[in-house]
Amino acid sequence: MIHYRPFRNDDPPILARLWNDGVPEAVAAAPLRIHELDDHAFNSTLFDPAGLIMAERDGRPAGFVHAGFGPDEADPAAPGLDRSLGVVAALVVPRGEGEEEVALGLVIEAERYLRRRGAQVLYGGGLRPLNPFYWGLYGGSEAAGVPSSHYQFAAALSTLGYEPIATAVHLRFDLSRPDPRDPRAALLHRQVAVEHDEEPPTSSWWEGLALGEFSPTRASLFLKAEGLEVASARTWDMTWFGRAEGRSRLGVYDVEVDPAHRRRGYARHLLGEILRWARDRGFQDVEVQTLTDNEPALALYGALDFEPVEQSTAFRLPAPFPDRSRP
């Protein structure tokens with residue numbers, strides 16, 4: 001008999017054990033210590049105990065699901081949630097007999113919670129900014145969807161009728177390799193400069209909650225003559241993701257080039273400088289993500305010798321809502 005219940009204050013040790021047993025190490029911060037999972041996922045001012053649902057079989061923990069909402073982006077500086085958009089952000093069920101039944105039941109319980117709180121659209125797997133609680137712990141540098149190696153999560157969503165809406169590819173550069181050759185490097189070194197801000201303001205309160213403890217930095221590329229910023233990127237320390245392999249990892253996200261200065265090699269030059277900066281600070285890998293239909297970004301990372309290591313898919317439940325999750 002499976003019983004479902006909301007989070008209790010004495011649950012973090014159980015949840016950490018379930019996490020370490022049930023989440024693929026390749027796509028998550030693992031193994032996680034109890035206080036790390038507790039501090040990052042459960043101590044947020046936005047955490048609702050009713051949204052984290054435990055499954056118990058015959059009184060023993062069998063898995064958990066965590067559902068939540070994305071930010072209200074009307075004012076990026078003012079904390080608030082958009083409760084019309086709900087997401088099943090995490091599903092953790094260790095391998096064993098009856099795991100599929102537990103996984104399906106947990107997703108349905110998450111749906112009921114989200115609908116009771118006012119969700120009009122339901123998603124499965126975080127897709128920024130619908131990535132509450134687990135950006136920094138799960139899914140790579142941007143927590144974009146359900147990684148393919150976490151097949152149980154994706155299988156449960158697909159079985160319940162969720163449809164793929166976006167797929168991201170994870171790419172990685174091994175810093176023990178030589179720097180990729182840049183044919184424009186000599187010219188660009190005369191024209192531009194790169195600055196690294198190791199204590200930048202976060203772009204939003206949402207990003208601050210997710211990555212504030214992971215040493216976020218901002219790299220900016222300027223034209224020397226004008227002092228004009230033409231490209232930028234943000235980074236964070238993903239070393240928790242490399243624990244199982246004993247490798248330190250830097251995540252890169254928000255790679256942007258001013259539209260008026262594109263196609264001049266600035267993004268490639270900036271990323272090359274980030275690779276060198278990361279190596280100087282002892283990192284061993286650099287990771288990025290981009291959607292599979294973003295051909296310019298894929299071409300850029302390919303030219304820099306980044307190698308694909310994983311894919312993640314975000315899902316959405318088509319309307320109308322099924323009766324199974326009626327509140």
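I began just after H8, where Asp-305 takes a positive phi of about 70 degrees. A reminder to myself: this is a predicted model.

Next I went to the start of the helix. There a side-chain oxygen of Asn-294 comes to within 3.2 Å of the backbone nitrogen of Ala-297.

Which residues of H8 are buried? In this helix, residues 295–303, I found Ala-297, Leu-300 and Tyr-301 buried. Looking down the axis of H8, I see the buried residues fall within an arc of 90 degrees, so they line one face of the helix.

What do the buried residues of H8 pack against? My list has strand E7 (163–174), strand E11 (249–257), helix H7 (266–280) and strand E12 (285–291).

Now for the glycine. I located Gly-136 in the loop between strand E5 (121–124) and strand E6 (146–147). Is Gly-136 buried or exposed? Its relative accessibility is 0%, and buried means under 20%, so Gly-136 counts as buried.

I also checked what Gly-136 touches. Leaving out residues up to four places away in sequence, I noted Ala-29, His-40, Leu-211, Phe-214, Trp-236 and Phe-241.

Last entry: Gly-136 and Asp-237 lie 101 residues apart in sequence, and their C-alpha atoms are 8.9 Å apart in space.

Definitions and conventions:
Residues numbered from 1 in each chain as written. Predicted model: local features only at pLDDT ≥ 70, side-chain atom pairs only at ≥ 80, totals over all residues. Heavy atoms only, no water. Buried < 20%, exposed > 50% of the residue type's maximum accessible area, 1.4 Å probe, protein only. Helix = DSSP H or I, 4+ residues; strand = E, 2+ residues; numbered from the N terminus. Arc of directions from axis to C-beta. Contact = heavy atoms within 4.5 Å. Polar contact = N/O pair within 3.5 Å; in protein donor to acceptor, adjacent residues only side chain to side chain.
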